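Biologist: I'd like to learn how to read strands and helices in a model like this. Could you walk me through it?

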Amino acid sequence: MSAAHIIGLVASGQATSRAELARLLGWAPSTVSAHVQELLDAGLLLESGEGRSRGGRRPRLLSVPAGEGVMLAADLGGHHARLAALDGTGRPQKVRDLEMDVSAGPEPVLDQIMDALEELGDGRPVLGVGIGLPGPVDLDGVMVGPSRMPGWHGYSVRERMSRRFQTPLVVENDANLMAMGETVARGPDLRDFVFVKAGTGVGAAVVSDGRLHRGARGFAGDITHNRVPAGGDRPCSCGNFGCLETIASGAALVAAVNGDGVDVKSTADLVRLARDRHPTVTTNVRFAGRQLGEVLTTIVNFLNPQAVVLSGALAGCDLFVAAARGVLYERCLPPTTQDLEIAESVAGPDAGLLGIGRLILDQGVALASS
Ligand SMILES: [Zn+2]
């Protein structure tokens with residue numbers, strides 16, 4: 001526990017007052033005040049204005065001075081990347097979208113990304129660098145068995161990036177980053193939840209007591225290769241049969257409705273037709289949503305989260321979400337679903353970037369040393 005930890009909690013929006021720090025750290029108010037006063041004196045924290053009262057005197061608001069340093073963040077998809085320079089509190093200052101193709105292999109892609117990040121940094125001091133990748137990443141920043149990413153399996157993204165940037169580094173799966181971005185967007189009251197990214201593929205992440213749960217090797221939250229009853233003998237990219245991905249991913253849905261004679265090219269096309277209540281698409285989307293619900297039922301019963309947050313193109317499809325929700329309410333134990341919130345993500349397109357900022361701040365190094 002250190003000054004860096006306090007600064008990280010304030011900068012990431014988890015704590016906005018001395019009282020919240022005391023609650024999160026489990027410290028006596030006098031201990032928190034002593035530490036906060038030292039940081040105020042050192043100019044590493046600011047205290048001003050008035051926050052929301054929870055009865056009694058209104059608390060003064062803590063914040064972190066913006067400073068001139070930046071964090072550099074890149075969130076990679078299959079064919080595009082969203083890049084940003086973040087300020088010292090992890091908020092995007094300058095955002096840029098970049099066309100690229102992950103199937104070109106790790107070295108050309110990472111070189112292109114790192115060049116673009118340096119450009120965004122504009123010569124300012126770099127407090128930390130983070131990258132989100134659309135596939136499984138282990139705790140050492142090595143990609144393991146990503147689908148549709150030839151040449152990336154076993155490649156150490158962290159090692160490559162550390163040659164260019166000698167700063168705190170975040171190398172993480174995209175769903176994990178989006179989940180952490182959600183904690184930034186929603187604030188400290190959202191602490192225990194399951195995050196699902198339902199787009200072309202299906203990814204998920206677990207946040208427990210405000211922290212990312214990575215598991216022993218970093219692969220926690222992978223739900224896409226759970227077998228579902230309706231999966232039958234459909235072959236999956238992992239080599240197994242009947243995985244959730246073969247039914248409830250955007251890619252599988254596009255293939256399924258094409259098979260039923262409806263011409264759609266992308267998940268976005270599919271969602272548009274579902275909104276227009278195209279009968280064939282509606283049937284397929286509902287079916288897929290129910291299969292996702294089946295898998296989530298086990299997870300919700302087991303983890304007892306406060307919320308299931310849905311993101312990705314399919315989360316914008318009311319039929320898909322309603323089908324998943326229906327199964328959850330029907331099949332979960334009543335005490336688990338009584339207060340369960342099933343909601344669409346509010347973090348928007350910068351979710352992954354916000355997550356990178358939050359995780360760099362959690363490393364606690366950047367601001368305390370600046
Ligand atoms: Zn599979």
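Biologist: Which residue in β9 does valine 194 stand opposite?

Modeller: This is a predicted model, so treat what follows as a reading of a prediction. Valine 194 has valine 206 of β9 facing it. That pair belongs to β8 (residues 193-198) and β9, which are antiparallel partners over six bridges.

Biologist: Is β9 mostly covered or mostly open?

Modeller: Count residues under 20% relative accessible area, the cut-off for buried. In β9 (residues 202-208), six of the seven residues are buried.

Biologist: Now a helix. Which residues of α9 are buried?

Modeller: In α9 (residues 267-275) they are Thr267, Leu270, Val271 and Ala274. Look down the helix axis: these buried residues fall within an arc of 100 degrees, so they line one face of α9.

Biologist: What does that buried set pack against?

Modeller: Three helices: α8 (250-259), α10 (279-303) and α11 (318-331).

Biologist: Which residue with a positive phi follows α9?

Modeller: Arginine 277, with phi near 60 degrees.

Terms used:
Residues numbered from 1 in each chain as written. Predicted model: local features only at pLDDT ≥ 70, side-chain atom pairs only at ≥ 80, totals over all residues. Heavy atoms only, no water. Buried < 20%, exposed > 50% of the residue type's maximum accessible area, 1.4 Å probe, protein only. Helix = DSSP H or I, 4+ residues; strand = E, 2+ residues; numbered from the N terminus. Pairing = 2+ DSSP bridges. Arc of directions from axis to C-beta. Contact = heavy atoms within 4.5 Å.
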